[in-house]
Number of protein chains: 4
Amino acid sequence: MSLFEGVLSTPEMLSVFSERSLVDAMLRFEAALARSQARLGIIPESAAQSIAGSCKVELFDVAKMVRDGARGGSVAAPLLHGLKEAVGLFNADAMPFVHFGIGDQDLVDTAMALLTREAVALVEADLAQSVQALLRLAQRHAETPMLARTSTQPTSVTSFGLVCAAWAAPLARSRGRLAEAARRGLQVQLGGAGGTLDRMQGQGAALRRQLAEALGLRDPGVAWHTQRDEWLAIGCELGLMVGSLGMLAKDLLLLGQHEIGEVAEPAESGRGERLPRASMVALAAAQRAPQRVAALLAAMPQAHPGALGGWQAELAEWPQLLLSAHGSVRALAGALPGLHVDAARMRSNIHRLRSGLPRGAAAEGFDPALAETAGVLALAQVLALQSPPDLSDDTR
Amino acid sequence: MSLFEGVLSTPEMLSVFSERSLVDAMLRFEAALARSQARLGIIPESAAQSIAGSCKVELFDVAKMVRDGARGGSVAAPLLHGLKEAVGLFNADAMPFVHFGIGDQDLVDTAMALLTREAVALVEADLAQSVQALLRLAQRHAETPMLARTSTQPTSVTSFGLVCAAWAAPLARSRGRLAEAARRGLQVQLGGAGGTLDRMQGQGAALRRQLAEALGLRDPGVAWHTQRDEWLAIGCELGLMVGSLGMLAKDLLLLGQHEIGEVAEPAESGRGERLPRASMVALAAAQRAPQRVAALLAAMPQAHPGALGGWQAELAEWPQLLLSAHGSVRALAGALPGLHVDAARMRSNIHRLRSGLPRGAAAEGFDPALAETAGVLALAQVLALQSPPDLSDDTR
Amino acid sequence: MSLFEGVLSTPEMLSVFSERSLVDAMLRFEAALARSQARLGIIPESAAQSIAGSCKVELFDVAKMVRDGARGGSVAAPLLHGLKEAVGLFNADAMPFVHFGIGDQDLVDTAMALLTREAVALVEADLAQSVQALLRLAQRHAETPMLARTSTQPTSVTSFGLVCAAWAAPLARSRGRLAEAARRGLQVQLGGAGGTLDRMQGQGAALRRQLAEALGLRDPGVAWHTQRDEWLAIGCELGLMVGSLGMLAKDLLLLGQHEIGEVAEPAESGRGERLPRASMVALAAAQRAPQRVAALLAAMPQAHPGALGGWQAELAEWPQLLLSAHGSVRALAGALPGLHVDAARMRSNIHRLRSGLPRGAAAEGFDPALAETAGVLALAQVLALQSPPDLSDDTR
Amino acid sequence: MSLFEGVLSTPEMLSVFSERSLVDAMLRFEAALARSQARLGIIPESAAQSIAGSCKVELFDVAKMVRDGARGGSVAAPLLHGLKEAVGLFNADAMPFVHFGIGDQDLVDTAMALLTREAVALVEADLAQSVQALLRLAQRHAETPMLARTSTQPTSVTSFGLVCAAWAAPLARSRGRLAEAARRGLQVQLGGAGGTLDRMQGQGAALRRQLAEALGLRDPGVAWHTQRDEWLAIGCELGLMVGSLGMLAKDLLLLGQHEIGEVAEPAESGRGERLPRASMVALAAAQRAPQRVAALLAAMPQAHPGALGGWQAELAEWPQLLLSAHGSVRALAGALPGLHVDAARMRSNIHRLRSGLPRGAAAEGFDPALAETAGVLALAQVLALQSPPDLSDDTR
């Protein structure tokens, strides 16, 4: 399986969602939980020390944990079993305080939020780089004349810079919206079996606040076991981003056809091949991500406490959306700075078209001078996009 | 087709996206365009008057327009043909100024934005009503004890009020996010064939600004022909909302099973039937909306100027997402205020469970007194949700 | 809504799934049911005559039925209410025998099977015509040399005839598989509320057999209320067909680009426009149909007797899949016979490419003589595809 | 990632689609290709021996191959690079004959067909076991009375045996249809870059025939690079199967609710837990598989030779569909033989319902004697399903 995912994703993102990373994140949760509970007097300080001391991923046999999880239908159970055993070796009294008063979903959802924070940071870095590369191209080619095409047919003359600005703008907006969605959706999960943290001696709210702070996640004020909207809003943003990148990639692909030849991806270093790898990866992601988003949305009604399977489906789809998303943005972030732009070919394509048209039509509709108008728009766009997106401001 | 859509949507939303409404919206666009162009001196004032005077839906044979559109593959072409003819009857000189310098996508996208503004208002009204009904229930039943169930099995005791608060919270957030998405995404579309409005005598930007103001839409500063992200973000929000409503409906359905019997939808007036219609409609929507969102996202790369079919697919999927979304929220907005809540049955379900358990387990895990803890949380949630959502504020 | 569906579907298919057609099909079911029940002595002959006599669509106010259905959440209830009223006017004794011992799903599913039989016949006719047109092109252009392109780059020389044969083959197979799926899946639905036809005096099996024969549907031997596999297999076949048509359309679109110019759709009669309407319709369908198939499959687990909403979602998605499917195949069936094939341009595109290559590479990889090899394959394919597909035979 | 896939799939299927298995399958293809080419005199016998001798997975560094594949965007390129190197070590003359005249898609598609043959066999074995377990239950409980429920409400009395027969029937049909789809769709891919095998000295057809025989795959007679219908028909069948299994699982879940308690999954050996793991896995699969099918269908138009990304998306989605499908059927095949059926509870649920009804209603609609009628139907179904499905026969 990973052979294909490897081609379509990135080593960094595969590592973020590796089995080991998930186990590590779950252990970070348990350690922080125990420490916070001790600070509030919910569990003994000595128990917390024993627990936190055992929460080290290198102490555990991740492969065995995976096998046991598969057999039992839960990734949390074997970890908790192993952690209790480890804690018991040194301090049997601490065993009952492992994962005290907390549900499995608290553990797994919070661990996923921790991993997703890293994942979003990876996406954001490449998104930023893509936008910068496009804005540089937009500036450099602000007035480079190029055929505007609609429905596969030339319709007018624009500039390549304006095309680049139109590629950059949705990605710049994705940065803003993704940051906003992450700010809201990366939340600690803490509710216990019934969602009321009833075993925390009335300090449930304080515990969640402390834990959120310790882990660097938001405190939602309640458990969001069945309230997936803010979490999935991050997924929707990724879906929109992958769609915008797909649009860009499709344009690259069409403009790079042998018969058009206006742009080309840089060749991979040390390879003479012609495969436009970045466009391929971005287009494959654009093919797959909508289905991941659909699966996530479809699982929402399954999230209610009386159902089963929906939460597990969400957990399995989530990393795959991020794998695709990062594959797409990383591939383009890598290709765009070295994009071959054949401005001469753009001009000659215009002239070849004009030479086949009746004189009047050519002069009017396909005048290379139209690139100047486009250039003004392109530069205005560059200026607007270079300033950091301010979401509370309505004027752009 | 509409037999089933009629059951699953609402007459109001069917009317918003009726053929007549779309034609009317397209005519409003053309009228406002002509007036704005005249004001800027782009077309003669007399032409604008003739054009605006003919932009009346009752002058057109909508059914014929639909037939012609089907034959030619475009909804814009027959409207423009008809409008030019109508204008020509009175003022032949004005004919060339109909739809002057503008593309078909400008017309259709802006018309869709106008209709969607109405559609979102319908959704918002019922969303507000649903939230209010749920907050009232949350308050009334803040301490009504009820079994908390996970994976179909009772796990603890909560209160029905807290359950209602957890139903209300994602809907309240949907209100905020949907309003925000609509504020950004309901934009005028204006670019002309090449996206540069090159035939507007350098006044393209001013024209778009004036037109946006006249139509009450946002001015995006550029054409968004291929930049669908802000538009589709509205669709994603609707998908999230339908998912949250589906979660609520699934809970209602499960709690309403004969053997559980804790809640029941109000019977339709004058009917003795038992069909829980609102849950059915909301669950059908939750089944369908994710696929609409996927179709919209999948069409994004098709939106590039060199492709074909993706824009048309988007146009056809869009109303259907709104039909489902409004069906869902309207059905629940109608049912929730009259929801039958059988608090006695909730209590007897707890007692029956306890009577089958060993004494200790019953006392600890399924103590009805746990409803008080839940009640405190429920009331805190109600308070937080009653204040209008402030998106710029991070503390809830 | 229908404005866009009208563009992307056909008047014939819109008519098959119109409100009136569905009501008519439901009445045909009730009439045949009553007659079969009388023949088996389950209900009185006089009652059957009264019922069958009232089962005429022109006696009913379809619009009102739609409104009532929307209010109550069921399309069957208002029809049965109206039918009983109509029967009662002339023969009050017959009223209790309307829809005797039968469930609403029996009525609606069977009516949908009747409509789908017509729908599949429409699809099949245009599919046959598309295959014929492609085989003619394959024969005529068996040896017409053309660039083979992979990943947007020329890779070799093939013949246009072989390309046409590769377009035809999946469509020919779709004909065979669709016929097979329809033969299995177009079944009468009859089970009563509990699926056992327990009110039929032990003659349930005989009744279903008679009814199946009367309506020209298959007798499944049991009720298939929750067994949707054979029904949805028809939907999967339509999904595959739309995908194959989409592949064809995408090729047409790419080959028709101004810079390539090897094929072009015939212009709509009396129009000078360049919009490749057939490709657009087929590509929009290929964008939408996968999501319809997903929605149908996702509704399967909802079909169990304890759930709600899934069946209704299936009912609403089903016509939309057929609308898209017929739109696609009809559009291409219309365009393919008149396809403009520019064999000279195909040749000159090869020569222009060769002129830019080093001599050896050109001679070897892009030799127009390769079209002869392709021609042999093309003609062999034509021969194989012209013989009717025999599904039980493994050798082609 | 595999942490969740591990829970939702099976070790066997993860192994079928492991990186090593794919590399091994690709090497089997190259070995068989070289041998067949030598037999037909297309390449020298000595070259074939060298090539076949190097086609051993243990000679290769799979992990490095994966990393290189990721960098270059292709899983075939590093394998071919490595194979040529390995061959060259012993017989430099054989190097040019590695992968002679063949395209990368030939290699990868055929390797996927080889793996899928194994995958389908795994699915089929568990499908057969599930059907057998259900038929045994249907027989044993042919007359065990049980409430029939519709839309969450009791509607009548049926027998548990009839319910089991209705679970078994779609699965039995899936066996037949899946076998048929696999027979057609598991085909060798061989066409070379342009699809014409033009470098095979006129022996392309013979080569494909020999290779098909050597690998135990079907000979399609032509390359199916862009004709994905028969391949994806296997995927559609899997989608239908997962849907039918999901229906079964949802029923199990609802019947297993604490308040209904009529069936329960066997506890995992050595665990006292209550989590109905099999239902969970099957429901998660039913949530995810429809989106995989949609992704596969959506990639069809991308399969045309001029596009990019669609094929790669298909390759990545394919194993994941099989992982879900096998997870689902294996989980239920494991749980069904040991299903706890509480016939006494089924009876007491009927009696409790009757005791709350007016005497007449109870006697008529909810008479436990109705289970006898259901029993007759159940046994007839068992008999029909025990005979092997004969697809050419229309009578069941």
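In the predicted model, B:R173 and A:E230 form a salt bridge. Their closest N and O atoms lie 3.6 Å apart, inside the 4 Å limit that defines such a pair. The interface between chain B and chain A has a count of six salt bridges. Six residue pairs across this interface are also in polar contact, both partners being at pLDDT 80 or more.

Several elements of chain B build the side that touches chain A. Two are strands, β1 (145-150) and β2 (153-159). The helices are α8 (160-185), α10 (229-255), α11 (277-298) and α15 (370-386). Each of these elements supplies at least two residues. The largest share comes from α10(B), with 14 residues. By residue type, this side of chain B divides into 29 nonpolar, 22 polar and 16 charged residues.

The extent of the interface can be given in residues and in area. In residues, 67 of chain B are in contact with 67 of chain A. In area, the two chains bury about 5700 Å² between them. Carbon and sulfur atoms account for 56% of that buried area.

The relation between chain C and chain A was examined by superposition. A rotation of 180° brings chain C onto chain A, with 0.0 Å of shift along the axis. The RMSD is 0.0 Å. This is therefore the relation of a two-fold axis. Within chain C, the C-alpha of C:E259 is the nearest to the axis, at 3.0 Å. Both copies use the same surface: 100% of the contact residues of chain C recur in chain A.

Conventions: Residues numbered from 1 in each chain as written. Chains lettered and ligands numbered in written order. Predicted model: local features only at pLDDT ≥ 70, side-chain atom pairs only at ≥ 80, totals over all residues. Heavy atoms only, no water. Contact = heavy atoms within 4.5 Å. Buried area = accessible area lost by both parts, 1.4 Å probe. Salt bridge = Lys/Arg side-chain N within 4 Å of Asp/Glu carboxyl O. Polar contact = N/O pair within 3.5 Å; in protein donor to acceptor, adjacent residues only side chain to side chain. Helix = DSSP H or I, 4+ residues; strand = E, 2+ residues; numbered from the N terminus. Nonpolar A, V, L, I, M, F, W, Y, C, P; charged D, E, K, R; others polar. Least-squares fit on C-alpha atoms with pLDDT ≥ 70 in both.
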